[in-house]
Amino acid sequence: MSKEKKDPFSSLRIKEFRWFLAVRLFIVLAWSMQFVLIEWEVYKITKDPLSLGLIGLMEVIPAITMALFAGHIVDQSEKKTMLVKCFISLAIISIAMCLLVKPEVASQFSQKFILNSIYALVFLGGIVRAFIIPSVFSLLGLIVPNKEKPNASAWSSSTWQVSAVFGPAIAGFTIGVIGVFGSMIMVVICVIIGILALLNIERKPILNPKKDEPLMQSLKEGISFVFKNKTILNAISLDMFAVLFGGAVALLPIFAQDILKVGSEGFGILRAAPAVGGLITMLVATSIPLNQQAGKKLLIAVFFFGLCIIGFGLSKNFWLSVLLLFLSGVFDGISVVIRQTILQIYTPDNMRGRVSSVNSIFVGSSNELGAFESGFTSKIMGVVPAVVFGGIMTIGVVATMGFTSPRFRNLDIDKEIED
């Protein structure tokens with residue numbers, strides 16, 4: 001008997017899910033644009049690769065230290081209301097950043113003050129992010145039924161990638177056209193649109209039966225669940241180390257300005273290239289699911305991601321560098337779709353906030369730690385050796401997990417859903 005043909009647009013038929021995608025599109029667009037603008041402004045001020053790493057460190061410190069607490073609060077809160085509060089806070093931070101880079105304002109302060117103020121705002125943004133990530137993950141689980149979650153995860157990840165494609169590209173091009181200040185205004189507008197889209201989603205019930213559970217007991221339960229569920233633990237661990245050591249994108253301002261010498265326009269292309277690759281992969285995944293033999297596909301994808309990072313580090317040609325970053329995005333896209341599906345399928349509703357927070361410590365925060373690692377190692381061994389070293393370490397992590405975790409290597413999500 002032939003299998004029923006899967007509808008690639010099945011989850012999009014849910015009205016609230018479409019509004020959810022609109023929220024994610026504009027908020028991540030604002031987020032990705034702002035991060036690129038901050039990178040450009042900071043490196044223009046300091047010309048120091050370590051300063052780029054410090055941007056990531058300033059965001060990751062609160063993201064890690066607040067993550068478990070945020071997960072506990074999210075599991076005991078109504079998700080839409082939580083997100084409205086978070087996005088308003090994000091809008092205030094973006095407005096402050098916008099004023100800070102305005103030429104008339106910046107000229108009245110020292111570069112040290114401007115730099116420290118940027119780091120402070122990034123730090124505050126990290127606190128807000130600690131609450132946004134588990135809230136978004138939990139809200140998706142409440143909007144979409146279980147059978148639609150693999151399809152919804154692919155569309156949600158694709159929407160994230162659309163923003164990750166256009167955000168850096170728009171920021172890179174608008175820096176040269178309307179400047180950093182004008183680009184920051186666009187960030188504020190995107191956040192406001194995201195808030196308006198969120199208002200079209202109904203409030204959801206709080207499904208945590210232990211609403212009055214003590215904080216420490218709640219946190220312990222969330223951490224225990226992740227570490228006992230080896231499928232979730234292996235998936236987020238693999239992605240954490242891949243992102244940690246493969247964080248070459250944090251050094252793209254250096255490659256654009258000093259190595260490839262392509263200016264802000266080239267920087268925008270380089271920054272967008274991996275996101276374009278990831279977007280294509282995720283759109284394909286809505287029609288061709290990656291659930292079968294998911295473990296092998298995830299390991300292979302991260303292995304080739306590491307190879308692309310090594311090639312990018314060694315490349316001296318702009319378009320070859322773009323191609324390698326594009327391919328890294330393709331393989332990273334496969335990893336993201338599989339990991340998000342695993343998290344949605346294996347996490348019970350009452351644990352979503354805490355599990356997502358643990359995931360953000362492992363994976364989300366590894367983006368910023370990866371940025372710091374790249375900045376730190378490039379300061380010690382040089383930019384190109386640092387990128388190559390990161391790619392080699394990524395491949396080493398894949399090889400280790402592939403040999404030590406045969407059950408994860410043979411994971412098949414379709415069989416798990418049927419069982």
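Visitor: If buried means under 20% relative accessible area, exposed over 50% and partly exposed in between (1.4 Å probe, protein chains only), which residues of helix 10 are buried?

Guide: The buried residues there are Leu 252, Pro 253, Ile 254, Phe 255, Ala 256 and Gln 257. This is a predicted model, in which local features need pLDDT of at least 70 and side-chain atom pairs count only at pLDDT 80 or more, while totals for chains, interfaces and linings use all residues. Residues are numbered from 1 along each chain as its sequence is written, and side-chain values use heavy atoms, with hydrogens and water left out.

Visitor: How is helix 10 placed in the rest of the structure?

Guide: Helix 10 covers residues 252–259, and because 6 of its 8 residues are buried, it is largely enclosed by the rest of the structure. Helices (H or I, at least four residues) and strands (E, at least two) are DSSP runs, numbered from the N terminus.

Visitor: And what comes just after helix 10?

Guide: Just after helix 10 comes Lys 261, which takes a positive phi of about 55 degrees although it is not a glycine. Lys 261 sits in the loop that runs between helix 10 and helix 11 (263–287), and this lysine is exposed, with a relative accessible area of 61%.

Visitor: Moving into helix 11, is Ala 272 buried or exposed?

Guide: Ala 272, which is placed in helix 11, counts as buried at 6% relative accessibility. Leaving aside neighbours within four places in sequence, Ala 272 is in contact (heavy atoms within 4.5 Å) with Val 165, Pro 168 and Ala 169. The C-alpha atoms of Ala 272 and Ala 169 are separated by 5.4 Å, though these two alanines are 103 residues apart along the chain.

Visitor: Let me step back: how many helices and strands does the protein chain have?

Guide: The protein chain has 17 helices and 0 strands. Of its 419 residues, 60% are buried, and among contacts with a separation of 6 or more, 88% join residues 24 or more positions apart.

Visitor: Okay, what do you look at when two helices pack?

Guide: Two packed helices are described by the angle between their axes and by the distance between those axes. For helix 12 (residues 294–314) and helix 15 (residues 383–404), the angle is about 165 degrees and the axes are 8 Å apart. That makes helix 12 roughly antiparallel to helix 15, where angles over 145 degrees count as roughly antiparallel, under 35 as roughly parallel, 65 to 115 as roughly perpendicular and the rest as oblique.

Visitor: Which residues of helix 12 and helix 15 meet?

Guide: Those in helix 12 include Leu 299, Phe 303, Gly 306 and Ile 310, and those they meet in helix 15 include Val 384, Val 388, Gly 391 and Ile 395. The residues of this contact between helix 12 and helix 15 divide into 16 nonpolar, 5 polar and no charged.

Visitor: What does helix 10 do with helix 15?

Guide: Helix 10 packs against helix 15 at an angle of about 140 degrees, with the two axes 11 Å apart. Ile 254, Phe 255 and Ile 259 from helix 10 meet Val 383, Val 384 and Val 387 from helix 15, and by class these residues are 6 nonpolar, no polar and no charged.

Visitor: Is Lys 85 buried or exposed?

Guide: Lys 85, placed in helix 3, is exposed, with a relative accessible area of 55%. The C-alpha atoms of Lys 85 and Val 128 are separated by 9.2 Å, and the two residues are 43 residues apart along the chain.

Visitor: Last one: where does Ser 10 lie, and what does Ser 10 touch?

Guide: Ser 10 lies in the segment before helix 1 and counts as buried at 16% relative accessibility. Not counting residues up to four places away in sequence, Ser 10 touches Glu 148 and Asn 151.

Key: Axes fitted to C-alpha atoms, helices over the stretch in contact; angles between N-to-C directions. Nonpolar A, V, L, I, M, F, W, Y, C, P; charged D, E, K, R; others polar.
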